[in-house]
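User: I have a model open and want to go through its contacts and packing. Can you take my questions as they come?
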Amino acid sequence: MVATRPDGDGLVRSGTAASVDRTNGRLFGRERESAEIHGLLSDPHGPRLVLVRGERGVGRGAFVRAVADRLRAQGTVVSSVVCAPGDGERPLLLALRLVMALQEHRSGVARQPAGQLVTRALSAVDRGDRAAMDELLGAALEQSEESEESEQSEQGAPEATGRPVTVLVDDAQHADAESLAVLGRIEVPRLAPEVRLVVSAVRHGEPSAGGADATGRAGGTAGAAEAVERLAGVPGARTVVLSRLGPDDTAALVARRLRATPDAALVRRVCELTRGLPGAVDALLTGWTCRGEIRVADGHAFLLARTPVPVLPDDDRFVTALDALGGPSRAVAAALTVLWPLGRPVREMIAAETGLSAEAVDDGLRGLVEEGIVDELPGPGNTAVRGWTFRLPLTAHTVLERLRPMERSRLSAAAVQALWAAPDAADALLDEADARSYLPDRIADAGILVDRDRAVAELTAAAARIYPDLEGLGMLRWFRAAAQLIERPAARDLALQRYAGAAYVAGDYPTGRTIAEALLRNPGEALTPLALQQTACLLVAATANEMNWPTLSRQATAPWWDELPLPALARVTGQGLALCRLGRWEEALEVFSAAEAVWNTDPHSRAKPEVFSAAAELALGRPERFRRAMVQQKAPELLPDIDYGLAMAMFDELANAWDLNAATALLDSRGLTVDVLPPLSRFLWCHLTGRWDEAMESARRLLANSQVQVPASDSQLLPARTAAILLARGRVTTALRTLESMRGPEGGPPQYSMHLAEAEVLRTLGDLDGAERALHRGLDGAAVRGQVHNTEELWALLAEVRAEAGHTAGAVVCLERLGRIADRTGAGRARLRHLVASALVLRRDDPDTARGHLREAVGLARSRGLPFETATTLVAAAEAGAAPATLLHEAYEIFGAAGAGLWRFHTRTALREAGLTGPGRKQATAENEQLLATLIAEGLTNRQIARVLRLSEDAVAQRLSRLFARTGLRSRTEVVNAVRTGTL
């Protein structure tokens with residue numbers, strides 16, 4: 001019995017919904033600014049006035065609160081004054097609040113009777129007497145503790161404590177200009193020694209030379225903004241500027257908010273949309289998590305595939321800033337969301353599309369720049385503005401989505417017409433724009449307002465150029481828009497077929513299946529038998545990837561296809577593929593063989609049935625046909641997407657067979673690279689090549705998106721090989737939970753690799769009987785279907801398990817079956833597994849033969865080029881004396897590169913037993929403790945840990961005691977928490 005992992009976290013299909021945690025107030029990326037302001041405020045001779053500046057959403061409020069907390073911890077009396085929208089309409093309000101704050105927190109000394117300064121300040125506010133307020137605020141700021149103490153001593157009052165006082169003013173841009181002007185007239189050097197004033201306010205850029213403010217308008221902005229700028233110029237004042245977060249700090253903020261490690265794609269998307277503004281990061285994550293579109297699997301957070309960008313709510317700070325501008329600025333901003341990539345000409349276009357005058361457009365642009373919503377893009381030498389762009393892409397998206405559909409279409413049509421009229425559309429766009437997606441996006445939005453035929457042609461061409469669109473630029477949207485624009489039914493059917501195929505490639509299986517079935521049930525005249533064959537395959541593949549086994553079982557019958565008005569080519573191919581995806585290989589071959597006259601007529605018609613038949617024969621242990629199909633050069637008459645799909649199916653089958661050399665040769669023969677592999681195929685490649693961190697990131701993302709079916713003779717390679725990686729890293733329970741979460745219902749395809757992975761885990765835990773039962777389940781399922789291909793893995797492990805259990809005769813029987821499979825298939829993996837397994841079985845009764853097998857195995861493993869396979873073979877050979885023990889060093893490094901901590905532990909043991917120098921004591925101790933902590937976090941008992949590490953229970957207890965002593969942790973629960981938070 002394996003203990004349940006304490007935190008319940010693991011790699012399970014679909015993951016769990018993430019939530020945003022704002023309870024931790026830790027600042028990210030502010031170490032330099034924090035040290036700077038702490039130094040300024042701690043220096044007795046430091047500045048009395050410190051300004052904290054930064055753009056909207058940069059985190060000024062959180063920064064100021066952190067400063068206040070640190071000051072209080074040092075014993076400083078802190079008074080916070082927060083300004084709010086509307087304060088600017090109340091003259092001298094901030095000055096009054098400052099007087100009150102200073103009097104309230106005067107180091108605990110007895111205050112003047114009846115708060116004389118406060119009373120006089122209230123009177124000054126009522127009268128609007130700025131001169132009086134100048135005097136009163138100056139008195140409050142300049143009055144020192146020493147003078148108060150002297151005055152209070154004369155009156156017999158208790159002595160003051162002399163504690164420093166800091167007044168923090170946050171969001172001063174909302175304050176009244178009169179109060180800020182009063183502050184600006186204070187002689188800062190004359191402030192009382194113990195009094196410091198910290199003022200925080202928005203600033204959207206650096207002030208320029210010559211007195212121009214951040215907007216570039218000479219003389220500064222009106223009111224409070226201008227007054228704040230003047231404060232920065234007060235003699236003796238200092239300014240601390242908060243900049244945007246860099247990618248690493250943004251990733252740390254996302255991790256803290258989601259309480260999970262974000263994957264690279266999520267971090268990249270957040271950085272693109274928020275530009276490192278913490279306020280925007282929080283808004284974006286809130287939008288996604290509220291809709292359940294960020295999932296957490298195995299402590300890692302992922303954005304679901306095809307997740308749209310959320311629209312900011314009306315009360316969001318970035319939206320209210322724009323809405324507050326009103327007038328032309330809002331209309332200009334709306335038009336700019338569509339037109340900005342066109343550069344400087346947008347001024348005239350906005351005027352034409354909105355009906356605003358040129359002056360009104362200029363005023364609107366100026367207001368957007370001054371408010372920090374839009375940035376001006378300077379031309380060469382900063383002599384002229386070449387265009388405008390939104391400072392925050394998330395704001396631009398929100399404004400775009402708030403446009404009325406017709407308004408969006410009209411503006412997009414204007415952009416399309418402008419680009420179509422340009423000699424070169426790409427040259428007409430700003431460098432900051434994405435030239436690949438801007439025009440097709442605008443065409444898709446313009447719809448019927450532009451020339452339909454040209455729009456369809458350009459949308460289709462743009463989508464084809466980025467196929468299979470692994471970056472998610474917009475292929476699906478453009479194919480869909482093209483189909484919607486076509487009026488002729490025949491042409492629309494072809495466009496829908498393209499859209500369905502693109503949806504399948506992008507992982508949108510429901511859309512692909514729905515469109516494909518609609519086309520098959522009512523095929524138009526334009527859909528040729530070949531097109532319908534392709535659509536039938538798409539329908540079956542999408543159904544299989546949705547793991548809808550009852551429907552797929554019906555699709556595997558002739559009556560289901562006979563009900564459809566389809567040519568025989570489509571019916572036969574669809575039924576045969578359904579049988580293949582269910583692992584019913586003999587039946588699939590019978591269907592294809594009986595109808596060979598239907599499909600074996602030309603290269604186009606035979607391409608798919610030939611590959612499917614070859615895969616079926618491979619599964620049955622007859623690889624010759626598949627090998628011929630694999631080495632054939634790309635057929636020039638095949639459409640690129642069809643050839644790509646067939647190549648990927650063969651690649652997956654080769655990866656299933658652990659044949660990296662053949663898989664690489666296949667890609668080379670098709671002119672493909674690993675960069676164009678679909679996500680599942682990419683995972684398999686990363687696994688084979690030892691890039692396990694990349695493989696795990698892909699696995700988590702795929703599992704979170706429920707994309708787990710591999711179109712190979714074993715469709716469950718993703719969970720099985722993920723579990724193998726987890727096991728090699730000591731994550732035993734998580735490996736089992738991953739496999740359990742992927743158990744399919746009855747009637748589905750075989751799951752040999754999952755039975756194999758389960759047996760490996762149980763064997764590691766010392767449960768040999770459980771391992772043997774799991775292997776028999778896999779072998780029984782294979783026997784029912786006549787499966788031979790890849791069953792060598794099951795037979796090899798069964799031989800090893802029986803040998804470890806002392807059942808040598810049963811192990812020999814397994815070796816005989818394994819040898820026949822290796823001879824029959826000629827597969828390198830089967831031969832290697834036979835050599836290694838036979839060496840383990842024969843090591844006592846026939847050690848010379850065993851060592852000979854291992855020496856051959858080492859050469860074979862090296863020729864195959866799989867790092868982990870090579871390393872395990874080297875360890876087996878070195879431990880048996882069939883190869884130099886120094887090879888253990890090579891294996892040790894390979895395991896380290898893959899992060900295979902459990903194998904690395906066993907190799908350290910082998911090095912020590914061989915009398916070889918291993919890693920330094922410090923490194924070995926750190927790795928051993930990390931592995932032990934991982935096993936504890938997996939919920940294993942001491943007895944189970946002993947079995948996994950091949951140690952005694954006493955040895956495990958001693959190691960655990962040393963771990964507690966070194967780390968200061970006091971319980972297994974604390975160890976689990978340290979592992980989960982990465983603080984061990």
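User: What does His 300 touch, leaving out residues up to four places away in sequence?
Analyst: His 300 touches Ala 260, Thr 261, Arg 295 and Arg 700. Contact here means heavy atoms within 4.5 Å.

User: What kind of model is this, and what are the ground rules?
Analyst: The model is predicted: local features need pLDDT of at least 70, side-chain atom pairs count only at pLDDT 80 or more, and totals for chains, interfaces and linings use all residues. Residues are numbered from 1 along each chain as its sequence is written, and side-chain values use heavy atoms, with hydrogens and water left out.

User: Where does His 300 sit?
Analyst: In strand 9, residues 300-303. Strands (E, at least two residues) and helices (H or I, at least four) are DSSP runs, numbered from the N terminus.

User: How far is His 300 from Asp 316 in space?
Analyst: The C-alpha to C-alpha distance is 28 Å. In sequence they are 16 residues apart.

User: How do strand 1 and strand 8 pair, parallel or antiparallel?
Analyst: Antiparallel, over two bridges; strand 8 covers residues 294-297. Ala 17 has Arg 295 as its bridge partner in strand 8.

User: What about helix 34 against helix 35?
Analyst: Helix 34 (692-704) and helix 35 (717-728) pack at about 135°, with axes 10 Å apart. The two helices are therefore oblique to each other. On that scale, under 35 degrees is roughly parallel, over 145 roughly antiparallel, 65 to 115 roughly perpendicular, and the rest oblique.

User: Is the crossing of helix 34 and helix 35 left-handed or right-handed?
Analyst: Left-handed. That label applies if the near helix is turned anticlockwise from the far one by less than a right angle; clockwise is right-handed.

User: Which residues meet there?
Analyst: From helix 34, Trp 692, Ala 695, Met 696, Ala 699, Leu 702 and Leu 703. They meet Leu 718, Thr 722, Ile 725, Leu 726 and Ala 728 in helix 35. By class, that contact has ten nonpolar residues, one polar and no charged. Nonpolar covers Ala, Val, Leu, Ile, Met, Phe, Trp, Tyr, Cys and Pro; charged covers Asp, Glu, Lys and Arg; the others, Gly among them, are polar.

User: And helix 14 with helix 15?
Analyst: The axes of helix 14 (346-354) and helix 15 (358-370) come within 9 Å and cross at roughly 115°. The crossing is right-handed. Arg 347, Ile 350 and Ala 351 in helix 14 meet Val 361, Asp 362 and Leu 365 in helix 15. That contact divides into four nonpolar, no polar and two charged residues.

User: New topic. What is the strand order in the five-strand sheet?
Analyst: 3-4-5-2-6, an open sheet with parallel pairing. Strand 3 (77-82) and strand 6 (237-241) are at the edges with a single partner strand each, so one side of each lacks a neighbour in the sheet.

User: How many of the residues of strand 5 are buried?
Analyst: Eight of the eight, so strand 5 is largely enclosed by the rest of the structure. Buried means under 20% relative accessible area, exposed over 50%, partly exposed in between (1.4 Å probe, protein chains only). One side has Val 195, Leu 197, Val 199 and Ala 201; the other has Arg 196, Val 198, Ser 200 and Val 202.

User: What pairs with strand 5?
Analyst: Strand 2 (49-54) pairs with strand 5 (195-202) in the parallel sense over six bridges. Strand 4 also runs parallel to strand 5, joined by five bridges. Val 198 faces Val 50 and also Leu 168.

User: Last one: is His 755 buried or exposed?
Analyst: Buried, at 13% relative accessible area. His 755 lies in helix 37, residues 752-764. Leaving out residues up to four places away in sequence, His 755 touches Arg 743, Ala 774, Arg 777 and Gly 778.

Notes. Axes are lines fitted to C-alpha atoms, for helices over the stretch in contact, and angles run from 0 to 180 degrees between N-to-C directions. Two strands pair if DSSP finds at least two bridges between them.
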